[in-house]
Amino acid sequence: MTKSVQRTVLAFDFGTKSIGVAVGQEVTGTASPLDAIDAVDGIPNWDIVAKVFEQWQPDLAIVGLPLNMDGSFQQVTFAAKKFANRLNAKYRVPIETVDERLTTVDAKARLFEMGGFKKLDKRKIDSASACLIFESWVEQSYS
């Protein structure tokens with residue numbers, strides 16, 4: 001990293017049934033998974049989201065954009081953008097989006113290495129993916 005920035009960043013792995021969440025520190029470039037938030041058709045329990053924002057007081061939030069492998073948008077890409085816009089409107093925190101292609105695959109591999117199949121719980125995968133989204137954003141921001 002070329003800068004020593006100390007912002008707290010929330011990262012989200014948007015999904016229609018579950019939204020993975022991680023909190024990252026720019027100064028270290030690392031993130032820790034938080035509990036995933038259940039969603040119904042991409043709509044989270046906003047009370048839980050509010051508690052996460054209250055607890056971590058982020059300076060920035062990142063939302064992973066689920067793109068097709070060729071980089072084109074899919075239906076869930078538009079839903080993720082809508083979620084990002086709502087976060088910005090509700091919490092008045094700057095929002096950035098980042099390409100999240102293959103983060104779920106990487107998250108599964110990482111969790112499997114840590115503990116085998118018992119670690120491959122959907123909610124853990126989503127929040128591990130949010131960590132990878134944060135790390136990807138750091139790489140893009142500081143490389």
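**View 1. Valine 93 is a buried residue, with a relative accessible area of 8%.** Buried here denotes under 20% relative accessible area, with a 1.4 Å probe and protein chains only. The model is predicted: local features need pLDDT of at least 70, side-chain atom pairs count only at pLDDT 80 or more, and totals for chains, interfaces and linings use all residues. Residues are numbered from 1 along each chain as its sequence is written, and side-chain values use heavy atoms, with hydrogens and water left out. Valine 93 belongs to the loop between H2 and strand S6 (95–99); helices (H or I, at least four residues) and strands (E, at least two) are DSSP runs, numbered from the N terminus.

**View 2. Valine 93 and leucine 60 are separated by 33 residues in sequence and by 5.6 Å in space, C-alpha to C-alpha.** Beyond its neighbours within four places in sequence, valine 93 is in contact (heavy atoms within 4.5 Å) with Phe53, Pro58, Asp59, Leu60, Ala61 and Asn88.

**View 3. The largest nonpolar core has 22 residues.** Such a core is a set of buried Ala, Val, Leu, Ile, Met, Phe, Trp, Tyr and Cys residues joined through side-chain atoms within 4.5 Å. Leu10, Phe12, Val21, Phe53, Val63, Phe83 and Leu87 touch the most other members. At least two residues of this core come from each of S1 (8–13), S2 (18–25), S3 (30–40), H1 (46–56), S5 (60–65) and H2 (75–91). Apart from this core lies another, of 15 residues, including Val5, Ala11, Ile62 and Cys131.

**View 4. Leucine 87 touches Phe12, Trp46, Val49, Phe53, Val63, Arg92 and Ile95.** Residues up to four places away in sequence are not counted.

Methods:
Buried means under 20% relative accessible area, exposed over 50%, partly exposed in between (1.4 Å probe, protein chains only).
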